[in-house]
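Reader: I would like to go through this model and ask, for each description, what value stands behind it.

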Amino acid sequence: MSTPDTPAATPTPRRQYVNFIFYKVDPAWRRLPEDVRTQGKQEFMRAVEDFNGKVLVVPYSTIGIRGDCDFMLWRISYDLDLFQDMGTKILASGLGQYLSTPYSYLALTKRSVYVDHHSHAGQEGKRLTVVPGKSKYIFVYPFLKTREWFLLTKAARQGMMDEHIEVGHRFPSVKLNTTYSFGLDDQEWVVAFESDKPEDFLDLVMALRETEGSRYTLRDTPIFTCIRRSLKESLDTLGG
């Protein structure tokens with residue numbers, strides 16, 4: 001307990017759990033009667049809406065873009081268990097009975113150790129709170145570095161990250177969200193770039209390939225291009 005001479009302990013900032021979950025619908029769903037499909041979608045939406053205020057959900061469609069998944073939910077919460085609770089309700093819905101989950105990436109927010117030399121208000125890497133923007137597109141992928149990267153000195157890594165950050169600043173139309181998966185999932189980071197200009201994101205990725213740090217990339221696939229839509233619109237793209 002603190003006394004007048006002892007300052008109270010500073011509360012530890014809360015970190016958010018972040019999940020990118022991708023769903024694929026069974027083609028049999030589209031052969032169901034229209035009223036059954038409508039009810040199934042309504043049950044799915046209620047399962048998500050039951051967690052309003054506890055889980056932030058941003059829906060995206062991948063129909064016509066990737067063949068192995070149809071839509072994605074970007075989920076953010078302070079309680080990991082809520083992802084499972086929501087997932088259980090989703091799978092119990094009429095639509096959920098026809099869904100598989102080909103990909104699901106779990107991560108946490110964390111302050112970056114590399115951004116001190118490029119500090120500005122609200123900067124990505126300084127925030128423990130994810131604030132999704134309103135961009136039409138998001139580009140999501142898991143990311144792993146080689147073990148050699150982690151054995152470099154901090155100064156060596158900082159120099160390469162300074163170059164990486166400088167390249168990112170050339171593309172202000174692209175907003176980066178970095179989350180950390182060490183020990184939680186198969187990847188080390190999950191990165192999500194929001195933008196209204198896919199061409200700018202393409203040029204950014206090409207520029208990053210030419211940086212020194214890229215030689216230490218172990219894996220940065222699969223990459224998902226997703227179109228932001230309302231939950232109803234995302235479900236309607238499934239065909240019915």
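**Values and definitions**

Reader: How do you know that the length of helix α1 agrees with its number of residues?

Author: Helix α1 (residues 34–49) has 16 residues, which at 1.5 Å a residue should span 22 Å, and its end C-alpha atoms are 22 Å apart, so the two agree. The expected span is 1.5 Å times one less than the number of residues, and helices here are DSSP runs of H or I with at least four residues, strands runs of E with at least two, numbered from the N terminus. This is a predicted model, in which local features need pLDDT of at least 70 and side-chain atom pairs count only at pLDDT 80 or more, while totals for chains, interfaces and linings use all residues. Residues are numbered from 1 along each chain as its sequence is written, and side-chain values use heavy atoms, with hydrogens and water left out.

Reader: What makes K197 count as partly exposed?

Author: Buried means under 20% relative accessible area and exposed over 50%, with partly exposed in between (1.4 Å probe, protein chains only); K197 has 40% relative accessibility and therefore counts as partly exposed. K197 lies in the loop between β7 (189–195) and α5 (198–209).

Reader: Why are the buried residues of α5 said to be on the same side?

Author: The buried residues of α5 are D200, F201, L204, V205, A207 and L208. They cover an arc of only 160° around the axis, which puts them on the same side of α5; the arc is that of the directions from the helix axis to the C-beta atoms.
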